[in-house]
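Visitor: I would like to learn how to read a ligand site and the packing of helices in a model. Where do we begin?

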Amino acid sequence: MFKKFIVANWKMHKTIKEALLFLEQFIPLVKDVDDREIGIAPTFLCIESVGKAIKNTNIKLCAQNAFYKNEGAYTGEISPSMLKDCGVEYVIIGHSERRKYFFESDEIINKKIRACIKEEMKVIFCIGETLEERQNNKTFDILKSQIIMGLKDIDMPDFINIAYEPVWAIGTGVVATESQIKEAHIFIKEQIKNLYGDSADKIRVLYGGSVTPENIKSIMTTENVDGVLVGGASLDALKFSKIVKYEKSI
Ligand code: PEP
């Protein structure tokens with residue numbers, strides 16, 4: 001059985017100095033946690049410094065994105081092999097902000113997932129419906145097509161984590177209800193079972209969207225939730241440590 005996975009997505013926040021200050025506070029707060037995995041995805045600019053600071057700790061280095069080629073004339077991009085070289089273990093792929101602001105299609109996301117797995121990094125593959133799609137009863141169609149297209153021709157379930165992130169819950173303060181999370185996670189687990197059979201049990205399904213120290217306990221104890229991806233509330237060391245140690249949170 002796998003450990004639950006709690007991941008910070010810092011998005012475009014923190015200078016190197018701010019990242020190291022966070023870690024000075026955060027590492028001692030979580031040093032005794034060994035029954036769950038903790039990940040931090042800083043900006044690319046911070047990744048080497050953060051990697052050095054968390055070496056030999058219980059925190060895994062994650063990246064927020066990767067390109068799908070290992071080198072070449074792709075101005076501004078960072079390759080999976082470069083991330084691997086920096087000690088990255090997990091790469092977030094297909095975040096809704098990448099889909100929305102950088103026009104990442106399911107086909108591009110699929111290429112990125114394949115390229116990361118080829119470098120033996122695990123992925124945190126993000127899926128989720130917009131508010132409009134939910135209101136038009138399209139949630140399950142969207143989740144299904146994102147899963148089928150994103151995971152096309154990928155037969156390495158051990159390398160996959162899925163983050164269910166309803167777009168309307170990201171950074172809005174509106175958290176999905178327990179029953180919305182539960183039914184989405186059950187649906188996602190059915191879909192991956194169709195793809196991978198019993199091996200689908202190796203895939204963790206995380207929830208993301210306005211997670212806080214106040215709501216973490218009820219989210220983590222919701223059936224079929226194997227972890228969380230946290231944006232805003234992961235920027236503060238104390239708040240994020242409370243999320244990691246959710247049993248003790250209010
Ligand atoms: C995210 O960006 O993955 C996220 C879940 O953000 P927030 O926690 O701020 O809603």
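Guide: A residue counts as near a molecule if one of its heavy atoms lies within 4 Å of it. Keep in mind that this is a predicted model.

Visitor: How many residues surround the ligand, and which are the closest?

Guide: There are 14 residues around the ligand. The closest are K11, E165, G171, S210 and G231.

Visitor: Which atoms of K11 and G171 lie 2.6 Å from an oxygen atom of the ligand?

Guide: For K11 it is a polar side-chain atom, 2.6 Å from a ligand oxygen. For G171 it is a backbone N or O atom, at 2.6 Å from an oxygen atom of the ligand. H95 also takes part through its side chain, where an N or O atom is 2.8 Å from a ligand oxygen.

Visitor: Now the helices. What describes two packed helices?

Guide: The angle between their axes and the distance between the axes. Take helix 1 (residues 16–30) and helix 10 (residues 237–244): the axes come within 9 Å and cross at roughly 25 degrees. Angles under 35 degrees count as roughly parallel, so helix 1 is roughly parallel to helix 10. The crossing of helix 1 with helix 10 is right-handed.

Visitor: Which residues meet where helix 1 passes helix 10?

Guide: Helix 1 supplies F22, Q25, F26, L29 and V30, and helix 10 supplies A237, L238, F240, S241 and V244. By class, this contact of helix 1 with helix 10 has eight nonpolar residues, two polar ones and no charged ones.

Visitor: How do helix 5 and helix 7 cross?

Guide: The axes of helix 5 (residues 106–118) and helix 7 (residues 139–150) come within 8 Å, crossing at roughly 45 degrees. The two helices are therefore oblique to each other. Helix 5 passes helix 7 in a right-handed crossing. On helix 5 the contact uses D106, E107, N110 and I113; on helix 7 it uses Q146, M149 and G150. Sorted by class, the contact of helix 5 with helix 7 holds two nonpolar, three polar and two charged residues.

Visitor: What about helix 7 and helix 8?

Guide: Their axes come within 10 Å and cross at roughly 35 degrees, with helix 8 spanning residues 178–196. This crossing of helix 7 and helix 8 is right-handed. Helix 7 brings F140, L143, K144 and I147 to the contact, while helix 8 brings E183, A184, F187, I188, Q191, I192 and L195. By class, the contact of helix 7 with helix 8 has eight nonpolar, one polar and two charged residues.

Methods: Residues are numbered from 1 along each chain as its sequence is written. This is a predicted model: local features need pLDDT of at least 70, side-chain atom pairs count only at pLDDT 80 or more; totals for chains, interfaces and linings use all residues. Side-chain values use heavy atoms; hydrogens and water are left out. Axes are lines fitted to C-alpha atoms, for helices over the stretch in contact, and angles run from 0 to 180 degrees between N-to-C directions. Helices (H or I, at least four residues) and strands (E, at least two) are DSSP runs, numbered from the N terminus. Angles under 35 degrees count as roughly parallel, over 145 as roughly antiparallel, 65 to 115 as roughly perpendicular and the rest as oblique. A crossing is left-handed if the near helix is turned anticlockwise from the far one by less than a right angle, and right-handed if clockwise. Contact means heavy atoms within 4.5 Å. Ala, Val, Leu, Ile, Met, Phe, Trp, Tyr, Cys and Pro count as nonpolar, Asp, Glu, Lys and Arg as charged, and the others, Gly among them, as polar. A polar contact is a pair of N or O atoms within 3.5 Å; within protein, one must be able to donate a hydrogen and the other to accept it, and residues adjacent in sequence count only if both atoms are side-chain atoms.
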